[in-house]
Structure formats: structure tokens, C-alpha cells
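I opened a notebook page for this model.

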Amino acid sequence: MSTSTAPVADSDAVGWRFDNTYARLPESLFVPSKPAVVREPRMAVLNFPLAEELGLNLAALASDAAAALFAGQALPSGSFPIAQAYAGHQYGGFTMLGDGRAILLGEHRTPSGQLVDIQFKGSGRTQFSRRGDGRAALGPMLREYIISEAMAALGIPTTRSLAVVTTGEPVYRTVPQRGAILTRVAASHIRVGTFEYAARRDETTLKTLADYAIERHYAELSDSPQKYREFFRAVTERQAALVARWLCVGFIHGVMNTDNVAISGETIDYGPCAFMNAYDPATVYSSIDHGGRYAYGNQPHIMQWNLARLAETLLPLFDSDPDQSVAFAKEVLMEFPARFEKHWLAGMRSKLGLTTEQPDDLDLVTSLLDGMQKTQADFTRTFRSLSREQPDDVCPDGAAELAAWTARWHERLQREGQSLAAVRTRMRKVNPAVIPRNHRVEEALSAAEERDDLSPLHRLVDVLSSPFDERPEFAEYEEPPADESGYHTFCGT
Ligand code: AMP
Ligand code: MG
């Protein structure tokens, strides 16, 4: 192990207010683990607006020595670093997992009283690392930073990214890369896979975890006589809403294994995720997703499958009679498609500026999407364009198709008695002008990785922080790529 020579700031000056509620749970749920010493921590990107929201001391963070803090070289008082145990179904197969390259420092109390996990990703080996090195490469950590912050700006529940530091040490993947550590902020890191792990231990562990998750994320259910049943229904509802939000912005998670689904309802674990350009429900970017299991349009179905894995773990808590438990689980799982469609249709209505519900809304939306698919129209630009007075030529081959559909849509708006100007203003607040386009993300990552140039990243993060604004100086970020054939994303190790 190398010795750090970097200056270490006073970690307590940062203003963390730690508690360690998770570390007080049964010992089988975690293993105490310390971040590794790293050679030369250097700040790559620090999220000042988020730091401010968390009530941190911005002056202390602005110092050169802050990099060492975000590399875990001085632990804040009150923190108690642990690696969390969990399991999961990966591509359908069950595996024991756990934080192999992440360390939870504890939970920080924000000025508004919220408890948030502070986690380092890439800070060295833990008992769960198996053959992995516990490290992370700069590219994937910056990728998580860019996309999670873009999701937050789009108003979608997500874990956040507070900082990325480089470690001054190489990590060996197919080629050597620069090592980095991401500081992640999350409502919690309790996953469907955490329940899968606990259920395989024993019922007491399972019940304790469920009580903890309810208290932390669904406190309104704490006193309910049927609280485990209501907990499952509430998780289902949040996940239905979340996937609907993803689909409404063209987001593809890329690796919806059950260990990558957070009980809180936040989007978590940004690996091979990407935003779709041309609309096609079969879109897949992940280099390993050959069967399209995690394709854009398959995400609601996979979420339902993941929730079935959660239900299996909770069966003993639903009812003392196993048949009753299974019947209840089935009933809630069967509700999922309708829950999802309710959220998705509400999202699509609002993307089209509609304020009332009409029986033919589903048909109106699907006929637009069918036309877009046929003409390979860009998802984001098409909706943004509909909110303009002079729509762009978004799908040249489908101009006639779009014109016929637009007439139908205008007629529908007229029935609502709405002025087109008001509709367009509203639509511009829900249809982003800019999303993290894959080619822009790659451009920012390669500048950082290959030339140590972080300016494209900072510029991209800036543009994505106000995705509904059209800023002329950033107009090029609205453009789809000239050609995206062969573009692949990779699991973020
Ligand atoms: P992920 O693909 O990030 O969802 O990770 C799946 C599992 O592999 C988790 O248990 C991670 O902790 C573990 N893992 C991923 N990368 C590494 C690594 N470099 N070293 C050790 N464990 C890892
Ligand atoms: Mg994961």
C-alpha cells in the first residue's frame, strides 16, 4: 500500500453531521471497511450546489486539500465506514454480492432534516470484492456524475454525485486507466437485492431490514397494522412512477439487475445507461445486453419482474398463511402494468400539453410514437419541436405523417379550449431541450481521460443543469449525433 503525501484538510470543517443508523442494524448486513490509502488525490469535479443543499461548508471544500477528504484519506468524525451486504438477480440469475468497490461512510443529516447516505465508490477492496480490485476508473465515475446530475435536473428521483477525485493510481481494465473515487449521495443504498440477501439469512434479519426501510422511506406506514403489505405496494408504486419518468425522457438504465433497484424509488447505479436518440423501443446500448433484456421498451416489464423477486423475500411478512401471502403478492404484481401505464400516460399527456383525460389519449400518443419509430425521429427533439411555433424538420421522411398527426393533436387541444401559446409554454417546461447525448458524454469523458482536460465536462454539466432552457451558446448540445451506429456502453467497472 502506498503512503499518501497529499495535504489532508480538517475533515470536520466540512460540516458533515453523521449518524450511523445502518451500522446499528444486525451485523450480518454489513462489514466494517476502511477506504484505501491513495497516492495523490486530485479533485476532478465538485458539486457546489449539491454541497450547499447538504449544508456543507463551501469554503472548506474549495481548499486544495478537499480532494484528500473525498478520497477518504481523513474520515470525518461520526462516520463509521462499512461495506453493505446484498445479493441480486443479475440477468435473471441469483448471486451473492455486496459492496465490492463501495464504502458507506454513514448517513448525513441535511439542514432540512433528511438523512442521506454518503458513499465512496472506487475506494478499495472490501470483504465483498471477490476477484475485483475495489477500484473504479475515471471515465465511469465521471459518467455517473454527468448522468445522475442530468437526471436530477430533469426532476427524476436519483442518487446524486457530490465529487469525483482522481487517485493518482492506475486501475487495470483492458488497458490501464486513471483511478477515481465518486462520492455518491443517496436516500439510502437499500436495494431489492438487500432484501434478497436478508431473506436468505433469517426472518429476524428480514423483518429488521423491512422495519428500517419503512421507517426511513415510508414512515407514514410505520403504525399501519398491515405495514409490510403496504410497504410492498408503496415500493411498487414508486417504481412504476420511476420507470414511467425514465421512458418519458428516453432514459435506458442498461443494467436493471435487482441489486440495482433502490427501495427508496431513486434511480441508482449508473453503469451502461444511456439516453435514446432515434425512437425505437428495442434500443439497447449495453455491450453485454445481447438479448435486449434491458432495452428501452422492456424496462417496465423488467421492473415488474424485479418486484416479483422483492415480493418473494417479503412473503413471510405478508401473512402467516403462505397461500394468503402468495395471493396478496400476485394481486399487487398484477396491478403493476396499470400503475405504470397511469404514470406513463400522465407523463405523455403533459409532454403533449394536454390537461384533461380523454378516452383516445392512449391512441393519440401511440400513433405519434409509431410514426416516430417508422421515421426514426429523434425522441427528445420531436417533443421539443412540437412545443415550438415553427416545428423543426425533425423527421424529414415523416413530414407528411407528422402533419396528419399534428392536425389531430391540435384538434384535441382545441377541444380543451386551450391557446396554443399557453400549451407551448407549458410543454417547454416538461420536454427537455438538452439531454446527455451519448456523443457529448463520450466527448467529455475522452477529453478528461486522454488529455486531462476537464473543460468539456464542466461545460456539459453546466448545460445539463438547466435542461429546459434553450441557451443559444449551447445550441449544439441539442443536436443528435450525425451517426450513432455501433455505439455501445459498458458496465461501469
Ligand atoms: P455493478 O455492476 O456496479 O452493479 O456491480 C455489481 C457487483 O460487482 C457489486 O457487488 C460490485 O460491488 C461488484 N464490483 C464491481 N466492480 C468491482 C471492482 N472493481 N472490484 C470489486 N467489486 C466490484
Ligand atoms: Mg450495482
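**Aromatic pairs**

I counted 17 aromatic pairs, taking rings of Phe, Tyr and Trp (its six-membered ring) with centres within 6.5 Å; planes under 30 degrees apart are stacked, over 60 edge-to-face, the rest tilted. I looked up Y22 and Y212: the ring centres are 5.6 Å apart and the planes stand at 80°, so this pair is edge-to-face. Y22 sits in the loop between β1 (18-19) and β2 (30-32), and Y212 in helix α6 (residues 203-217), 190 residues apart. Both Y22 and Y212 are buried (under 20% relative accessible area, 1.4 Å probe, protein chains only).

Next I took Y279 and F379, a stacked pair with 6.0 Å centre to centre and 25° between the planes. Y279 is in the loop between β13 (274-275) and α8 (299-318) and F379 in helix α11 (residues 379-386), so the pair ties together parts 100 residues apart in sequence. Y279 and F379 are buried too. I also noted a cluster of W246, F251, Y270 and F275, linked by ring pairs.

**Basis**

The model is predicted: local features need pLDDT of at least 70, side-chain atom pairs need 80 or more, and totals for chains, interfaces and linings use all residues. Residues are numbered from 1 along each chain, chains are lettered from A and ligands numbered from 1 in written order, and side-chain values use heavy atoms, without hydrogens and water.

**Whole protein**

I found 15 helices and 13 strands (DSSP runs: H or I, at least four residues; E, at least two). The C-alpha trace spans about 65 × 60 × 40 Å along its principal axes. Of the 493 residues, 59% are buried.

Notes: Buried means under 20% relative accessible area, exposed over 50%, partly exposed in between (1.4 Å probe, protein chains only).
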